[in-house]
Structure formats: structure tokens, C-alpha cells
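Biologist: I am new to this structure and would be grateful for a guided reading. May I put some questions to you in turn?

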Amino acid sequence: MKVTTASALVGALSLSATRVVAVALPDVDESFPYTGPAVPIGDWVDPTINGNGKGFPRLVEAPAVTPSSSTPSNNINVISLSYVPAGIHIHYQTPFGLGVAPSVSWGTSASSLSQTASGQSHTYDRTPPCSMVGVTQCSQFFHEVQITGLKADTTYFYKIPAANGTTASDVMSFTTARAAGNPTEFTVAVVNDMGYTNAQGTFTQMMKAVDEGAAFAWHGGDLSYADDWYSGILPCEDDWPVCYNGTSSEIPGPIPPSYDTPLPAGETANQGGPLGGDMSVLYESNWDLWQQWVLNITAKVPYMVQPGNHEAACSEFDGPGNILTAYLNNNETNSTAPESALTYFSCPPSQRNFTAYQERFRMPGSESGGVGNFWYSFDYGLAHFISLNGETDFAKSPEFPFVADLTGDETTPKENETYVTDSGPFGYINGSYKINKNYEQVQWLAKDLAAIDRNKTPWVIAMSHRPMYSSEVSSYQKNLQAAFEGLLLEFGVDAYFAGHIHWYERMFPLGTNGTIDTASIVNNNTYNTNPGVSMTHIVNGAAGNLESHSTLDSDEKQLNITAVLDQVHFGFGKLTVHNCSALTWQYIWGQDGTVGDELTLLKQFNGTCGSGSSGNGTTNGTATSPTPTGSSIPKTPIPFTGGASGMESASFLALAGSIAIAAYLL
Ligand SMILES: [Fe+2]
């Protein structure tokens, strides 16, 4: 289905005068041409790359390496670590090519970097190219260096050398993962939906957790919110407390009165988001800004990521008067269109099909039998972590492949049969796309789960961007359940984390169809695991981003599956695996580090705990359950009273194409 774009490579190569060792990844389908503006910019007033002072200010974050010159010709702007088996992956980014294969020198002490590892580079034809943007605020070449054969749970030191105008990095360090079975307690920072705006407190608390020893961060999708570049030309939602577009921009059609409402003191104007904000008007610059901002974690500990809906394309839906259709399809600025007609080809090629997401990280898909940055797994000590793709590659996935666009006996869809977020598949579909078991991701999950040695990793935690259950009921949740829930329950997965909904919500332990497993509820803050029957579901989507919090609508209510619902605080999760019998989850508020919620999971462990290569088998035992104290604990099985009946009757194609802005602003 995909056609390699030679133009992408040629365009990238032309940026550097020296020989570039890089390849163009991934393939992007260009069956129909992109006909929009060369560089889409959402602020009509200031349609320039670097701004003229009249539009929004361009925010900057420090690059990973401070250049030695005030006028560098190239620079290492981003460094991002990830785990690979028995090693580490070092991903780094520059605006231009290196002219040589990327490499790092490394060793077991900072003063002796006697080893060298080299890797490969890749690039894509980003819009605008870095030749049009400040060198220290732009990434277009992506370098991958792996060091393997390392000792577990060991700190190593490394340095990235200078090449083609870059400045060499300082000597930095990383620590490898603990071997499966190592029974030592550890903590992980789990975060979802963390953009830039509104996330400063959350990120500060995450950095504190890392400084205090968190082994790695796990970000379950919706990363930079780069696709909100055009938000200044969209209307505000009625229930947003403050709405202001921040400039003298004129938008087509009637301007909502709320646009005249001044921002609260001290807040930075954004492009129409609630409570102020600070996104760029350039899709790719939002990625650059966000990646340089999160450097304080990604360069210190592995930062494991997953795809979310905001990684799919340059937009998810149209605005008032269908101004994006007029702009992106017809290259008409400040105009309207009679109907929304965004297609897969409305975005520039580099802003379709999760392209930036595929290039800007490097997860251990191939090392774990999965696929790229989309699905993979890894072990750390007593836990096995499974990253699922909740966006594509299962039946009725929120973003769907071209095959789902076909009508009649077509073999390829007409342009107007596609949708702007169409993506993938990134794995194979062996048969009908309507059947979950035909998907590589689903088959992989079954194999991955079956191969887990629960004596080494008694704890199994899964996460995707999308929740299976929530008090905010949506049709995609049923599709997630159909694809994954049966397998996760069958193999005794202990907890399923997700985001997408911008609040914090902890459910009771749930079995199939959301049946509350009351027998496993010890008290308000303690559950027993119940393999094969139930698992704990947590929606952890309130890290903060320019779309602010989700809240229950006036006609919605908290469902009986939900133990805790926080619609107010931004924050992230701290997961601590104590031993083979207990782990603790804490929801940490970004504002001050308060523990807003705490849950302990207890496991009746009957195996040989910590029998991995580095384990010592000393913590074998069974859980001791605290005396139940909860007064509101249901004592008999309670059926899930929520349901997607109102949404189920509509086809997912119609849903995806609708202008349900509130539902998509997540
Ligand atoms: Fe989302």
C-alpha cells in the first residue's frame, strides 16, 4: 500500500553540503498529492517561520548540547534513551546530517570511554525543513546507536562526538534495566497526555521522582500535541472557562464573544486554548519544543513512549466554516468551505501516518517481536511491561487503514473516501481487517503473554493510550475490550493503564464487560489481584496539555465502576513494585507533589520469587491482606451500568468523520 518517497530523501540530503549517511523512513503514501500551503501555519497574522513580532512568540527550550559557537551550523538538540535487551538505545537528533555514521564513545567510568558504538541515521522531509528554522531549535536527522551486551542494573558513561558542525556532548550516563527476576524494589513514572501547556507542574514532579531514583518514564501516548498548531483558528468550546486567541488574528465567520475575554494575569496567550498556553503555530516546531523540554528526563533515564491520537496527523477534524478544509485542501487562507473534506492527503506527507512519532523515538519493537514504536514489551526486575497500540492495528481501531475505506470492489480508496487520521496498518493483517485475531498486534500480544515467566516477573502491567472503561463512555472502549481484554484477563495481567481522557480515574477491579470483582476489593485503597477474573484499570490522562481537563458533562455521572475520579488536579503516576506480593500506585499532583490517590495491589504469589538470573529467590511468600476498612465497598457482584449503547449504532467510520469536537479534543 505504501510507496517509498524518494523525494523525501532527496530533499533531506540537499540540506547538508557533506555526505549524509541517512535513510528516509517511514514510507508515506502519496497516491494523491498534497495541495495545501507549503508550510501550514495556523496564525493568519504572522505566516512566517520565525515570526515578525506581531504573532505568537516562538518559545524555545535549551538544546541537549550547548553549542560551542554562537552561530553553529549543526547541533545535538535532543537525546532520548530507551531500553533494549541487555543494553541501551541512545537516540539523538540534529537539524542536519552528520556526514558519518552516528556513534558514541562509552565505558564503565566517566574518565575511561574506551569503547565505541556506531549506528544509523534516518530523516524525513519535514515541513518546514530545518534550513528555514533556527539551528538549535530544529531536528530533522535522527541518529540511533545501540550498546548491547551490557551488565544489568549497571551505570555506564558515554559521550557523543562532534560531527559536521555539532558540538560534542558532555560525558553523560545511563543505567541498564534490572534483570528479570531481580527482586529489588523499584519505581517508575507513568504519564499520559503530557503536552507542554499546563504540564509544567507535572513535569517538575516527574523530574523530582527521577532524581529520587525512578528507573524510567513510561508515556502512554499524546506527546507533544503538535497537531494543535491550528487551534487559534478554531472556536472555543462553550464550557471552557476562559477563551482568548491571543493576537489580532481575524478568523472567518462570527467571532465568539469569549475571544474578547482577557486572560488571567500572568498567563501566556495561546491560540484559543483554555487557561492560556504557549504552543507554536508550526506542527514540527511544537515537536522540537516539546522534545527539548522533556530532555531533563529523556537524557537521564529511558523514556518509553506509545502512540496516541495526537501523533497521527496534522489535524483530527475541521473547524468553524471548515476553514481547515479551505486552507489545507485548497490553499485558501482565511476562507471557508461548504463542507468538511479533510482526507488523508490534507496534511503534508511528513505530517501523516504517525510519521514524526516514528522518527523522533526508537522503542524496542523489533527486539521484543513487536513493531517499531507501536507495540513492544520489556522486563524490569519483577515486572513485565507491555506497550500496546490503542490507535491502529486492531478491528475498528480509532485510526483505521485504507482497507477500511474501501467500498464495492475497490482495491484502493478514492481520495474522498479517506480520512485525515487514516494510518497503518503497521503490522500485517492476515485476512479480514474486521477480525481481531487476524492482526499482527493481537497475535503478538498472545505470544508475548504466553512467554512470560511469572516466577521472574510475577507482575505484568499493560498500557495503551485508550482506556477500556471510564465514566466517560465512548464507543472506542468496546473495540479496545474486544481486541485486548480477553487476552489480558486470560493471562492474568494485573493492571491496565491508559490516558486519552484528561482526568484521573481509578476503577474497581473489573472483569469482562466491566463486571466489578467485589471479592478482590480489600478496602478503598487495596485490591487483591485475581488472575483470570479481573484486573485494575486506571485512566491517568491528566498530566496537562493545552486542552485542559476533561470533566463530566451535566448529563453524565460517575459510574459505579469508578472508585476515584479527580477532574481537577494535573499529575502523573508513580508505580512502585515492592516485591512479588505487593505493588503501590500513587497519583502525584503536579502542583505540589501531594499523593492524591494511592492503591496497593496484593498478589497471592506461590512461585519461586525472583528466580531470574540476577534474582536471589529470597522473597518467596504470599500476600498479607490488611483488614478491610472501606465503608463503601460493594460486597456483591455489581454489573457495569455504563454502556456505549448510544454510540454503538453508529458505524465507526461515521464517528471518525463526524465533527464531534469535544470527543476528539483528548
Ligand atoms: Fe488522546
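Biologist: Which strand is joined to S10 by 5 bridges?

Modeller: Two strands may be considered here. S11 (residues 217-219) runs parallel to S10 and is joined to it by 3 bridges. The partner with 5 bridges runs antiparallel to S10 and spans residues 571-577. Within that partner, Thr187 is bridged to Thr576, and the strand is S22.

Biologist: What is the handedness of the β-α-β crossover from S10 to S11?

Modeller: In the pairing of these strands, Val191 stands opposite His219 of S11. Between S10 and S11 the chain passes through helix H2, residues 200-211. The crossover is right-handed.

Biologist: How many residues of helix H5 are buried?

Modeller: Helix H5 comprises residues 323-330 and is mostly covered. Its buried residues include Ile323, Tyr327 and Leu328.

Biologist: Where does Ala86, another residue with a positive phi, lie?

Modeller: The phi of Ala86 is about 55°, and the residue is not a glycine. Most residues other than glycine have a negative phi. Ala86 has 15 C-beta neighbours inside 10 Å and so counts as partly exposed. Its place is the loop between strand S2 (78-84) and strand S3 (87-94).

Biologist: Which residue is joined to Pro128 by a cis peptide bond?

Modeller: Pro128 is situated in the loop between strand S6 (120-123) and strand S7 (141-148). Omega of the bond is about 0°, and the residue joined to Pro128 is Thr127.

Biologist: Which strands stand at the edges of the open sheet of 7 strands?

Modeller: The order is S13-S14-S15-S16-S20-S17-S21, with mixed pairing. Each edge strand has a single partner, so one side of each has no neighbour in the sheet. The edge strands are S13 (376-380) and S21 (562-566).

Biologist: Do S16 and S20 run parallel or antiparallel?

Modeller: Strand S16 (residues 495-498) and strand S20 (residues 536-540) are joined by 4 bridges. Phe497 stands opposite Ile538 in S20. The direction of S16 and S20 is parallel.

Biologist: What is the average pLDDT of the protein chain, and where does it fall below 50?

Modeller: Of the residues, 77% score at least 70, and the chain average is 82. Where pLDDT is low, the predicted coordinates should not be read in detail. Among the stretches with pLDDT below 50 is residues 240-253.

Notes. Residues are numbered from 1 along each chain as its sequence is written. This is a predicted model: local features need pLDDT of at least 70, side-chain atom pairs count only at pLDDT 80 or more; totals for chains, interfaces and linings use all residues. Two strands pair if DSSP finds at least two bridges between them. A crossover is right-handed if, with the strands pointing away from the viewer, the path from the first strand over the helix to the second runs clockwise. A residue is buried if 20 or more other C-beta atoms lie within 10 Å of its own, exposed if 12 or fewer, and partly exposed in between; C-beta atoms are placed from the backbone. pLDDT is the predictor's confidence in each residue, from 0 to 100. Two residues are in contact if their C-beta atoms, placed from the backbone, lie within 7 Å.
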